[in-house]
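Here is a short walk through one protein model. Keep the sequence and the 3D view side by side as you read.

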Amino acid sequence: MIGYNCSLDTQKRLLYEILVQSPVLSEVLRGSPALGLENYYIGAGCICQTVWNYQNGLDPMHGISDIDFVYFDTDLSYEAEDRIIKRVRQTFRGLPVELDVKNEARVHLWFKERYGYDIDPYTSVESAINTWPTTATAVGVRLENGALSVYAPFGLNDLFGQIIRANKTQITEETYLQKCKKWTAKWNTLTVIPW
């Protein structure tokens, strides 16, 4: 598999080359700096799934249900987040996929209602990515001065190796198994590491 067991520099270069071949992700990557947000990433499933699609010769958007756009703002009001959501979605209104926009500073306010248990407030957008459900999806990217900036607390090898491994920081076994079932139905080349 291209990129697997390569140096981190090689993986970052390949990641950029693969992402910009996706017309949708390329538009989001190139257009996001104009939003003027200081601390944001495009991340999670849309990143690793674009790589898997490339490695398997599939359409770049195969199996991608949304694009996660996360940022961090200490204004915890719903109104402030809603303004950013509307601005991001308006900027990319012509895309064939929804952008899931979240202020990671607010996640602890609604997490229990959605998932059934409390979490501590995140202190940065990076601290949120540290808890994302799998090592392959715990990845955020953005363009800075035309170069790809990558935040990947578990590295990129599982992403390029098509390995699904639980990040047990916050996820439950049930949620992990649901994700594994959903993803292996779309990409039968994945290797799932048991919980």
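The accessible surface of the protein comes to about 9600 Å². Carbon and sulfur atoms hold 49% of that surface. (Accessible areas come from the Shrake-Rupley method with a 1.4 Å probe; for residues, only the protein chains shown count as cover.)

A word on the source. This is a predicted model, in which local features need pLDDT of at least 70 and side-chain atom pairs count only at pLDDT 80 or more, while totals for chains, interfaces and linings use all residues. Residues are numbered from 1 along each chain as its sequence is written, and side-chain values use heavy atoms, with hydrogens and water left out.

Now the overall form. The C-alpha atoms fill a box of roughly 45 × 35 × 30 Å along the principal axes. The radius of gyration is 16 Å, which agrees with the value near 16 Å for a compact globule of 195 residues. (The radius is taken over C-alpha atoms; the globule rule is 2.2 Å times the number of residues to the power 0.38.)

Look inside next. The protein has eight helices and seven strands. (Both are DSSP runs, numbered from the N terminus: helices are H or I with at least four residues, strands are E with at least two.) Of the 195 residues, 49% count as buried. (Buried means under 20% relative accessible area, exposed over 50%, and partly exposed in between, with a 1.4 Å probe and protein chains only.) Take the contacts between residues at least 6 apart in sequence: 68% of them join residues at least 24 apart. (Contact means heavy atoms within 4.5 Å.)

Turn to charge. There are 19 positive and 23 negative side chains, and the centres of the two sets lie 3 Å apart. (Lys and Arg count as positive, Asp and Glu as negative; His and the chain ends are not counted. Each charge is placed at NZ of Lys, CZ of Arg, CG of Asp or CD of Glu.)

How many salt bridges does the structure hold? It holds eight. (A salt bridge is a side-chain nitrogen of Lys or Arg within 4 Å of a carboxyl oxygen of Asp or Glu.) One of them joins aspartate 82 to lysine 86, with the closest N and O atoms 3.0 Å apart. These two residues are about one helical turn apart, because they sit four residues apart in helix α4 (residues 78-91). Aspartate 82 is buried, at 17% relative accessible area. Lysine 86 is exposed, at 54%.
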